[in-house]
Amino acid sequence: QVQLVESGGGLVQAGGSLRLSCAASGLTFSNYKMGWFRRAPGKEREFVAAISRSGAGTSYADSVAGRFTISRDNAKNTVLMQMNSLKPEDTAVYYCAARLSPYEYDYWGQGTQVTVSS
């Protein structure tokens, strides 16, 4: 079955960096657009970043543009997100997701906690 497994979360001070990784299995990875989402305590899940099947196209939420970078390695079935200049408001559970259809994400990981202290 399809599995998306996130890793790389943790506790970091404001201004620091983390790199999240999502390892995919059970699907033809290069066929899927990939995305990162997050859910902060008491808030709705929100879009963070997405990357096209080839990796040539990316998009970001305004709140992270210029600080976060999404990338993928289709040979390793992995999507990464480099997070720099982290802020306390970036504290959330971060989820990796895979999308085949143009309308919604089909598969989700279990999430990895990112905590940014001030």
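Modeller: Before we start, one term: buried means under 20% relative accessible area, exposed over 50%, partly exposed in between, with a 1.4 Å probe and protein chains only.

Colleague: Fine. By that rule, is C96 buried or exposed?

Modeller: C96 is buried, with a relative accessible area of 0%. Some background: this is a predicted model, where local features need pLDDT of at least 70, side-chain atom pairs count only at pLDDT 80 or more, and totals for chains, interfaces and linings use all residues. Residues are numbered from 1 along each chain as its sequence is written, and side-chain values use heavy atoms, with hydrogens and water left out.

Colleague: How many disulfides does a search of the whole structure find?

Modeller: One. A disulfide here is a pair of cysteine sulfur atoms within 2.5 Å. C22 and C96 form the link, S to S 2.1 Å. The two cysteines are 74 residues apart and tie together distant parts of the chain: C22 sits in strand 3, C96 in strand 9 (residues 92-99). Strands are DSSP runs of E, at least two residues, numbered from the N terminus.

Colleague: What is the handedness of that link?

Modeller: Left-handed, with -75° about the S-S bond. C22 is buried as well, at 0% relative accessible area.

Colleague: Which way do strand 3 and strand 8 run?

Modeller: Antiparallel. Strands count as paired if DSSP finds at least two bridges between them. S21 has L80 as its bridge partner in strand 8.

Colleague: And strand 7, how does that pair with strand 8?

Modeller: In the antiparallel sense, over six bridges; strand 7 is residues 68-73. I70 is bridged to M81 of strand 8. The hairpin of these two strands has four residues between them, and N77 there takes a positive phi near 55°.

Colleague: Switching topic. Where is R38?

Modeller: In strand 4, residues 33-39. R38 counts as buried, at 5% relative accessibility.

Colleague: Which side chains does R38 join by polar contacts of 2.9 Å?

Modeller: One is D90, at 2.9 Å. Another is Y94, also at 2.9 Å. A polar contact is a pair of N or O atoms within 3.5 Å; within protein, one must be able to donate a hydrogen and the other to accept it, and residues adjacent in sequence count only if both atoms are side-chain atoms.

Colleague: What else is R38 in contact with?

Modeller: Contact means heavy atoms within 4.5 Å. Leaving aside neighbours within four places in sequence, the partners of R38 include E44, R45, E46, V48, F68 and E89.
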